[in-house]
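Let's take a walk through a protein fold together.

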Amino acid sequence: MGEIFITNEGIRPYPHQQLFGDVVQQLIIEQRARELFHASKLDQLRLRTLRSLFLGSERKLPSASDTQEFEFSVNTLVVLGSGGHTTEMLQLIDATKASLFSPLHFVIASTDNHSAEKAKELVKRHNQQSDKQNQQMKYEHQHASIHYVSRSREVGQTYLSSTVTTLLALVESFPLILRLRPELILVNGPGSCVPVCIAAFVLKVFAISCTSVVYVESICRTETLSLSARILQWIADLCIVRWPELESQSCLFVSGHQEKSSSR
């Protein structure tokens, strides 16, 4: 992959991957700020309408710009896939500010026997590092939880039969999102992320939740988007690609070698 190297502490990002993580972190913060701003405006409209109907007058409400700066600790749901998808996603989390994703929920396919252990290793390592830096400041991921959904498509499974398993995963995703109430869903392309993101999108359309979906395409996709990206680019709040050839109106190119390369 050319993106990682091995140390005594395990897989670590190269410096340019760290820069990529910083840029993605900033994009996530900006996306959540927009989401919260619009939610605030909608709440103000509802309140004004109710006051006008029942009180006959309006009181001045504070605008979003009058409120204090948001403290960004985002309730995050991360979908892990097997193999390279899990490695890239944990590497991305490792390259961002520790306190950004809190609480942190990992969603894993029911037949994935390795991703859970890798996620636990990341959380454990970060806890140990934070203990060394500040005994009174525990790493926020220490309460990370792991949840399972049916795998959308097994390796070698036909697309016809995978439709049934994907629908099953979709049905399982609705109560999961309603229970966890994530503010952010962060994915990078495993098949299991598609039903999770679709469920979040449907709940958002019906104003049941206010979840931002951020899709980060694998760096291995250099010329064409993955099937997951081709589906989710239309419903994700932010779709990030690693190569300029993949940039489009719905996909933002971000390079780890320089600052944000372009915008929508």
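## Getting started

Two strands count as paired if DSSP finds at least two bridges between them. Helices (H or I, at least four residues) and strands (E, at least two) are DSSP runs, numbered from the N terminus. Strands β8 and β9 meet this rule, with two bridges joining them in the parallel sense.

This is a predicted model, in which local features need pLDDT of at least 70 and side-chain atom pairs count only at pLDDT 80 or more, while totals for chains, interfaces and linings use all residues. Residues are numbered from 1 along each chain as its sequence is written, and side-chain values use heavy atoms, with hydrogens and water left out.

## The sheet

Strands of a sheet pair through backbone hydrogen bonds, either parallel or antiparallel. In what order do the strands of the open sheet lie? The seven strands follow the order β5-β4-β3-β6-β7-β8-β9, and their pairing is parallel. At the edges are β5 and β9 (252-253), each of which pairs on one side only.

Now look at the pairs one by one. Strand β3 (residues 74-80) runs parallel to β6, with three bridges between them, and T76 stands opposite L184 of β6. On to β7 (residues 212-216): four bridges link β6 to this strand, again in the parallel sense, and V187 has Y215 of β7 as its bridge partner.

## Covered strands and a covered helix

Buried means under 20% relative accessible area, exposed means over 50%, and partly exposed lies in between (1.4 Å probe, protein chains only). Both faces of β8 are covered as well, with L238 and I240 buried on one side and C239 and V241 buried on the other.

Helix α2 (residues 84-94) is mostly covered too, as nine of its 11 residues are buried. Among them are T86, M89 and L92.

## Crossing over

Strand β6, helix α5 (residues 193-205) and strand β7 form a right-handed β-α-β unit. Right-handed means that, with the strands pointing away from the viewer, the path from the first strand over the helix to the second runs clockwise.

Two loop residues deserve a look. R181, in the loop between α4 and β6, has a phi near 50°, a positive value in a residue other than glycine. A207, in the loop between α5 and β7, also is not a glycine and has a positive phi of about 60°. R181 is partly exposed at 42% relative accessibility, whereas A207 is exposed at 55%. Another backbone detail is the cis peptide bond from S102 to P103, with omega near -5°; P103 lies in strand β4 (residues 101-109).

## The largest pocket

Rolling a probe the size of a water molecule over the atoms shows where empty space is left. On a 1 Å grid over the protein atoms alone, a pocket is an open set of points where a 1.4 Å probe fits, with protein on both sides within 12 Å along at least five of seven lines; lining residues have an atom within 4 Å of a point. Grid points are joined across faces, edges and corners, and a volume is the space filled by probe spheres set on the points.

How much space lies in the largest pocket? About 650 Å³. It is lined by 28 residues, and those closest to its centre are R153, P190, G191, L227 and S228. Helix α4 gives the most to this lining, with four residues. R153 lies in the loop between β5 (145-149) and α4 and is partly exposed, with a relative accessible area of 35%. R153 and P190 are 37 residues apart in sequence and 9.5 Å apart in space, C-alpha to C-alpha.

## Two cysteines

A disulfide is a covalent bond between the sulfur atoms of two cysteines. The search counts a pair of cysteine sulfur atoms within 2.5 Å, and finds zero disulfides in the whole structure.
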